[in-house]
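Please look over the sequence and the model first, and then follow the points below, which are grouped by topic.

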Amino acid sequence: MAFIKIDTDKMQTVIDNLEDRAEAIDHERNGISQTSAYYHDPVQSVVDATQVLPGFLIPGPGSGTMAAYASTMRDLAEELRSRRQEAIDINESGITMTNPDGTLSYYLPDPPPGTTDEAAYWRNMDTAANVHAYNTGSAETAKAEATELQEALANGTSSQGRTVEEILVQIDKHRDIPIYGAAFVDALGTEAFLNLTIDAQTAYKNIDQYGYWVTRSEEDDASFERTITTLGHVFAAASQPEVNGESLTSGLSREVGDVITTDGKQGLASAVTALMSVQDTTYGTDFVVNLASDMETTDYDPMEVGNPQATGTGNYLDDYSPDPMAGPLFAMSRNLEAANRYFTPTLVNPPIVIDEDGNATIPITDYDPNLPFTTRDGRTITAQGRADLLFSRTWVYGNEDALTAAYAAVSSQRGSTDGALDGRATWACGQALEYFGSHDFSKSSERTKVNLGVFAGNHAAEITGIATADKSPDLQYGYVTANDYAHGPKAKRAALKHVVASFADSDDAVSAAGQGIANYTHRAAHAEAAEDLPTDGSTPTPEQVTQAQTGMTGAYTNGRSAAAWVDEVADQANERSDTRRDKERAQAGAAFAIVGAIPHPAAAAVSAGGSTGLSLWEAASNDTVTDLQIDATAYNASITEVAVQHGLVDESYFPDADNPQSWYDPETKTITITDDTQKEQFQQWWASYRDDIGLSTDLMTVSQTAADPQDTELPED
């Protein structure tokens, strides 16, 4: 989203200058015209250039008339005046905030994906008409549609005769525009906006004999979900900093917190959970952090709110956790900046190190969780104190979805090349592992288990160490991870086994764990290859190529052992369980092969800056793994990609501009296998040239090498 900043005083000066110039041109034109007339207009071209015509007859600037130039100056002044007034009006309405430097802003949408000429896009977009449409016009539309939706949910149709579905079609056209979102919420008030979700529940569901809400039909269920999704987008738009002035005493987070902590209204926290868990949304960072900070001290007892027997807590949205922490935690899973600021709020940045070649790095820094900070409500606390407070809450089916989602997202930053970020993520995940390693997940949802699968997969360094009996595999790879300080080696093994056993009956979760291991292994192979090669760009010697390929073989072999360890632990857990499995579980080793091949559609919407490991939204489902019939192809593709990017193989055998194939990009030297065509093309190429490109025999056969993981036995309890 683009907010164009303007200094209204300076813009007024430009407007005045344009008007003055137009007046000067008119004055000069008039003088020339009078002089020409005095001499009986001897030159016709002078008459034409200085004649006075009604505004609608004034020719364009290309005509060369002085009146046209003056008119152009006035038109430009009016364009600027219109923009200036839009920024002032939308600010005075309370929708947008004054920028810290005193400037104001108006909103225009970013170029759509695939735009090649952004300059042309902005020339066509930044017009007075569009500025009005996306600002005060958008706010006016939002206010009208908010009222209409409220009416339609209550009565079936609005006062304008439109149904809920018809209104949602229009809302969806604007739902991600911050000005629209802020005006929409403001039109109803925060409490009434949250109650729209309750109205939707009443409109599309009935209460059964036990007091629970049940859907009347598949069509009604789809309508309810669509309403929640649309409102989730509107709410996220309203939370953006350009329209939401978060401060110590005000802001949307304060308004939301005041509503859901009021006696008799606590049930509306479930509405916040529903809206903030909409997957393809990104909520404003300050909004998320402030709401979580304000809610972390609230008491939550699942037996006292959000169930038919609860009294005095008001309306609640069935199937969504009424824990006031659930909403912001869900939002953190799609906004890593918010997650980092909440879980690790204090940070002393280490100095940037510049090597002799001018390369800048941020060294790995273990996070200090004991530095105090002051919360918005005046409490002095530390990151460790916040973690202790968080894990002292009651986590059960529903709100544990949110907790595990947030930590799964944070875990994707482990191993980041930003050493400080790696340290923060590793410490935070260490706290989570300490809790997850003893928590009972036997009644958890599939969603929670997939989150745990991603979380475990991003502990691939530790799993590799356990599976290979290597205490520090990351040190071996030159790919160091910070210390979490929460576990000794024995306790960490037990905790990870418990986590894997907890999601053993979930195909998608085991698949996610394997994909995380693959992600780590691919990076480890890169590190191993680079370690033995020249750093000055010179051609490696045959001995160096051999050493690099040997290191790669070790990385891939260890990765297969780690995936096999997950398989073994999961199989043992399933053998102990009475759960009947209707389909065969995908092996983590098979999931290992698909990493990076199929990005989740929502990934583009996720604020994932700094992610190195497997993102929560990139984990492919087991069905996807099964549908593509993943086999050794992706192991071989990963090996080939690492080798060609480090100059370890003969590139003359690879597809190029004269002989292109969709699976290979010769410019970036990347391999992509996302469909059967690419897979078949790569398999044919591999069968034809694998013996010729220069790979070692061990690398060519690593996908077939037996894996023998260590230390897989589960504790007796």
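This is a predicted model: local features need pLDDT of at least 70, side-chain atom pairs count only at pLDDT 80 or more; totals for chains, interfaces and linings use all residues.

**Charged pairs and surface features**

The side chains of Arg 81 and Glu 78 meet in a salt bridge, with a distance of 2.5 Å from N to O. Side chains of opposite charge can pair when their charged atoms come close.

**A pair within one helix**

- Arg 81 and Glu 78 both belong to helix H3, which covers residues 66–92, and because they are three residues apart there, about one helical turn separates them.
- Arg 81 is partly exposed, since its relative accessible area is 28%, and Glu 78 is likewise partly exposed, with a relative accessible area of 43%.

- Arg 376 forms a salt bridge with Glu 246, and the closest N and O atoms of the two are 3.3 Å apart.
- Because Arg 376 lies in the loop between strand E7 (372–374) and strand E8 (380–382), while Glu 246 lies in the loop between H10 and H11, the pair ties together parts that are 130 residues apart in sequence.
- Both Arg 376 and Glu 246 are buried.

**A network of salt bridges**

- Glu 23, Asp 26, Arg 29 and Arg 74 are joined to one another in a network of salt bridges.

**A patch of negative charge**

- On the surface, Glu 218, Asp 221, Glu 225 and Asp 319 gather in a patch of negative charge.
- Asp 221, one of the residues in this patch, has its place in helix H10, which covers residues 218–238, and with a relative accessibility of 30% Asp 221 counts as partly exposed.
- Asp 319, another residue of the patch, lies in the loop between helix H13 (285–295) and helix H14 (326–332), where Asp 319 is exposed, with a relative accessible area of 65%.

**Positive phi values**

- Most residues other than glycine have a negative phi.
- Asp 319, however, has a phi near 75°, which is a positive value in a residue other than glycine.
- Lys 669 is not a glycine either, and yet its phi is positive, at about 60°.
- Lys 669 is found in the loop between strand E9 (664–665) and strand E10 (670–671), and Lys 669 is partly exposed, with a relative accessible area of 23%.

**A buried histidine**

- His 459 has its place in the loop between helix H19 (446–457) and helix H20 (460–468).
- With a relative accessible area of 1%, which falls under the 20% limit for a buried residue, His 459 is therefore counted as buried.
- The side chain of His 459 reaches the backbone oxygen of Phe 455 at a distance of 2.8 Å.

How values were computed:
Residues are numbered from 1 along each chain as its sequence is written. Side-chain values use heavy atoms; hydrogens and water are left out. Patches are made of residues with over 30% relative accessible area and no salt bridge: like charges are joined within 9 Å, nonpolar side chains (Val, Leu, Ile, Met, Phe, Trp, Tyr) within 5 Å. Accessible areas come from the Shrake-Rupley method with a 1.4 Å probe; for residues, only the protein chains shown count as cover. A salt bridge is a side-chain nitrogen of Lys or Arg within 4 Å of a carboxyl oxygen of Asp or Glu. Lys and Arg count as positive and Asp and Glu as negative; His and the chain ends are not counted. The place of a charge is taken as NZ of Lys, CZ of Arg, CG of Asp or CD of Glu. Helices (H or I, at least four residues) and strands (E, at least two) are DSSP runs, numbered from the N terminus. Buried means under 20% relative accessible area, exposed over 50%, partly exposed in between (1.4 Å probe, protein chains only). A polar contact is a pair of N or O atoms within 3.5 Å; within protein, one must be able to donate a hydrogen and the other to accept it, and residues adjacent in sequence count only if both atoms are side-chain atoms.
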